[in-house]
Amino acid sequence: MGANLYFIGGGNMPSAIIEAVRRKAAAYPVDHIWVEEISRERAEYLASTYNTETASPTDAPDADIVVIAVRPQDDVAGVAASVARRFDPAKTTVISIVAGYTIAKLEQGLGHGWRVARIIPNTLTTVDYGYSGVALNGAAAREDVDAFLNTFGKVLYVEERLIDVITGFYPPNIVYHFIDAYVDAGVLAGLPRDAARAIALDTIIGGTEFLKQKDVLPQVLLNINNSPGGVGITEAYTLNKTGFAASIQSAVLAAVERTTALGGDAK
Ligand SMILES: NC(=O)c1ccc[n+]([C@@H]2O[C@H](COP(=O)([O-])OP(=O)(O)OC[C@H]3O[C@@H](n4cnc5c(N)ncnc54)[C@H](OP(=O)(O)O)[C@@H]3O)[C@@H](O)[C@H]2O)c1
């Protein structure tokens, strides 16, 4: 018998998760995936693309896991209260992917006795590089969520205070910004754009693979590459002078702060 999953909110992140769950069907069999989604068009798209079943806010099927996947600015407390009315805490574990929304707030909406996991996944699940930060409440155990979470990537259990940090640090956007700037740099220096893109992507994949194989931090390889008075150290000097590291670090800190602020504003 497979698991039964129920998603509330059927946007970009749930669809990436559902796609990964479908791909991992051999390791994690699923009998039902219900999606409760305001947009009828979106619900129909998910049903036709991922063979999900469309549910409504009055449905109360026998779900092992309910995933709350609305936006922080939506009525998260209302959704939690509606889950509490319809599902059974003895059977169902609640997983929230709502950025910034704390376990304490979820427990307030749900009431007493629920197993709750707050997770922060990302859309790299689609290419099998997903990575979820996970915090559990006192009632939940890793076994309640582990098999499901492993279908869409690696899982890192952390204290809840680190979830906002992972949210700001982890999304692939910062990497996309870097690639964008790097490709433009090649074009600025005279390369055709498709050549700059091809070199940039392979260099990033190759550089990452090399660091993983060597199991070292980048500084170790930079020390080897940057010979005295050479091209590499000249590039490093220019990056230092123009605040490259500080801009990445400021962007991540701002993203972490924004995550916390969004969660703080959420109902
Ligand atoms: N995208 C990511 O990479 C990512 C990563 C980690 C966490 N998250 C978190 O995951 C959550 C969902 O993100 P997303 O990117 O999937 O958002 P999204 O694409 O904007 O989708 C949210 C969906 O939820 C629907 N919705 C809102 N209130 C609802 C309700 N009460 N019942 C049923 N459906 C409802 C919305 O419908 P309407 O548009 O009609 O209102 C919309 O289709 C957010 O809290 C976000 O912070 C996202």
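Me: What should I know before I start?
Reply: The model is predicted: local features need pLDDT of at least 70, side-chain atom pairs count only at pLDDT 80 or more, and totals for chains, interfaces and linings use all residues. Residues are numbered from 1 along each chain as its sequence is written, and side-chain values use heavy atoms, with hydrogens and water left out.

Me: What lies 2.6 Å from an oxygen atom of the ligand?
Reply: A polar contact is a pair of N or O atoms within 3.5 Å. A backbone N or O atom of Val70 lies at that 2.6 Å. For Met13, a backbone N or O atom is 2.9 Å from a ligand oxygen. A polar backbone atom of Ala99 is 3.2 Å from one.

Me: How much of the ligand does the protein bury?
Reply: Accessible areas come from the Shrake-Rupley method with a 1.4 Å probe. Alone, the ligand exposes 900 Å², and the protein buries 75% of that.

Me: How should I read the span of helix α8?
Reply: The expected span is 1.5 Å times one less than the number of residues. Helix α8 (residues 193-214) has 22 residues and reaches 31 Å between its end C-alpha atoms, close to the expected 32 Å. Just after α8, Asp215 has a positive phi of about 55°.

Definitions and conventions. Helix = DSSP H or I, 4+ residues; strand = E, 2+ residues; numbered from the N terminus. Polar contact = N/O pair within 3.5 Å; in protein donor to acceptor, adjacent residues only side chain to side chain.
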